[in-house]
Amino acid sequence: MWFVTEDSLPDNMGYTFTKLEIDSRDVDWSSDENSSSPRPKRKLNSLDHDAIAQLTKLQSRPHDDLSRVLPGKREFPVSTVKMLAGREANVSGLGRFSLGDCRHVLSQYLPVYGPCLVDQMSTRAYVSQFSADGSLFVAAFQGSQIRIYDVDRGWKVQKNIMARSLRWTITDASLSPDRQHLVYASMSPVIHIVNAQSTMKESLANITEVHDGLDLSSPDDGGYSFGIFSLKFSTDGREVVAGSSNGDVYVYDLKADKLSLRISAHTCDVNTVCFADESGHLIYSGGDDDYCKVWDRRCYTANGKPAGVLMGHLEGITFIDSRGDGRYLISNAKDQAIKLWDIRKMSPTSACYRGYRNYEWDYRWMEYPEQARDFKHPYDHSVATYKGHSVLRTLIRCYFSPEYSTGQKYIYTGSHDSCIYIYDLVSGTQVAKLEHHRSTVRDCSWHPTYPMLVSSSWDGDIVKWEFPDNGEVVVPSAKETFLRFQRRHFYE
């Protein structure tokens, strides 16, 4: 079951702007025939928000001739019928849809129908992620099991992995960009790497197949055993970044087979880490100290400090997702909110300030205090805040929607109330709420090129949501998508 909401939103849902400490100016919102975007005639109180709004618009904006209804007037969104008719009449003069046209059409079709059951396990699902090209899907469960599904072959199980040295649960798993290897972590300082493309379907750790252990600990730890909460491959697949329960961030060089960097990042658990962009120079981390931090590897060895700190959350950070441009990121947190950040607004370490609270609670077993819902951080530097979902019991994840099909115009997240929420990035509106699961939805993943979203829950279900409501949709294979992309750009 799903719900789409437009105007009638509960008070605790929605979105708030962060004001810039600069004077706003009045500008005119008149349409300009020679301009590809309208100009504002309202008073701007956040140029930061306007910047991300403009970037999002440019990524999924249709050709001007397709959106024009009268001289000096345009309509948004443009209906699919009009878009198709305009393409056939070659209104744009391109003879085809541009990438912006494709995104404009596809972003109107949200994967909210269904769901269709992919798999059902007897233990809690902690991780569910598509590969970079969408051809594979990885799901990890508390019962030591990781499954890799072949999406192009009807979701058949390509590999069934039984984890090694499991402590409590598989906390995270990441597939390399080339789909050749998978790394997984537990509440242990040793992460393990598996050959995801070997012919061995049943991969039992060090019995039917070797699971190489990459030890992140050192003699300086004094025998203290820490756990890994988060890990991610770099874009080139040569490194893995990990966040640990001892407050440190680790970077492991797979080619050199050694730990290349250890950062004393936070004063408590590091719940989430990721690379900011394909360069691998910047790393984002989030911890239970309520901070998101930005680390520049090019200067960290010299000064041992973060490049900056992002303040605004009142409780611990559960997940960070980068927009991939080295500038914007989103974070989910235990204060029941997602925040959008621009790292150009980050503060120096010396300016760190934790939000004050006069209550005690533990998100693992208590409800979020009602009196805390209206609290605001006195130095909130976020661009926007999104509320409506519930972040309790576990480190619930949030993401930008895919760039290829939606222009990253949505944010989506799991929730403790067993639902999946989709927000509009710019307006902050909750555009969809997906209901099926019977327990906490910790993770979910949007197919990179197709209107399909897969969610996993502590009820053990892995289900997929699509736009067409027929349950028998054939997803274009990664190879077919690549060939279409190549053909389109060959004629540009």
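Ser-418 sits in the loop between strand S28 (410-413) and strand S29 (419-424). Its phi is near 75 degrees, a positive value in a residue other than glycine. Keep in mind that this is a predicted model. Overall, the protein has 7 helices and 33 strands, and buried residues make up 55% of its 492 residues.

- Most residues other than glycine have a negative phi, and most peptide bonds are trans.
- Ser-418 goes against that with its positive phi, and at 12% relative accessibility Ser-418 counts as buried.
- Asn-206 is another non-glycine residue with a positive phi, here about 60 degrees.
- You'll find Asn-206 in the loop between strand S13 (202-204) and strand S14 (212-215). With a relative accessible area of 39%, Asn-206 is partly exposed.
- The peptide bond from Gly-114 to Pro-115 is cis, its omega being near 5 degrees. Pro-115 belongs to strand S5 (residues 113-120).

**Strand S17 and its two partners**

- On one side of the story, strand S16 (residues 239-244) and S17 run antiparallel, joined by 5 bridges. Ala-242 stands opposite Tyr-250 in S17.
- S16 and S17 make a hairpin with 3 residues between the strands, and Gly-247 takes a positive phi near 85 degrees there.
- S17 (residues 248-253) also pairs with strand S18 (residues 258-264), again in the antiparallel sense, over 6 bridges.
- Across that pairing, Tyr-250 faces Arg-262 in S18, while Tyr-252 stands opposite Leu-259.
- S17 and S18 form a hairpin too, with 4 residues between them. Asp-257 in this turn has a positive phi of about 55 degrees.

**How covered is S17?**

- In a regular strand the side chains alternate between the two faces of the sheet.
- Both faces of S17 are covered: Asp-248, Tyr-250 and Tyr-252 are buried on one side, and Val-249, Val-251 and Asp-253 are buried on the other.
- The tally for the strand is 6 of its 6 residues buried.

**Aromatic rings**

- The structure holds 17 aromatic pairs. One of them joins Tyr-113 and Phe-467, whose ring centres are 5.7 Å apart with planes at 75 degrees, so the pair is edge-to-face.
- Tyr-113 lies in strand S5, whereas Phe-467 lies in the loop between strand S33 (461-466) and helix H7 (478-490), so this pair ties together parts that are 354 residues apart in sequence.
- Tyr-113 is partly exposed at a relative accessible area of 26%, and Phe-467 also counts as partly exposed, at 27%.
- Phe-319, Tyr-399, Tyr-410, Tyr-412 and Trp-446 form one aromatic cluster.

**Charges over rings**

- Arg-87 lies over the face of Phe-97, 5.0 Å from the ring centre.
- Lys-334 lies over the face of Tyr-363, at 3.9 Å from the ring centre.

**The whole protein in numbers**

- Take the contacts between residues at least 6 apart in sequence: 56% of them join residues at least 24 apart.
- The accessible surface comes to about 21800 Å², and 50% of that belongs to carbon and sulfur atoms.

Conventions:
Residues numbered from 1 in each chain as written. Predicted model: local features only at pLDDT ≥ 70, side-chain atom pairs only at ≥ 80, totals over all residues. Heavy atoms only, no water. Pairing = 2+ DSSP bridges. Helix = DSSP H or I, 4+ residues; strand = E, 2+ residues; numbered from the N terminus. Buried < 20%, exposed > 50% of the residue type's maximum accessible area, 1.4 Å probe, protein only. Contact = heavy atoms within 4.5 Å. Areas by Shrake-Rupley, 256 points an atom, 1.4 Å probe, with all protein chains shown as cover. Phe/Tyr/Trp six-rings, centres within 6.5 Å; stacked < 30°, edge-to-face > 60°. Lys NZ or Arg CZ within 6 Å of the ring centre and 35° of its normal.
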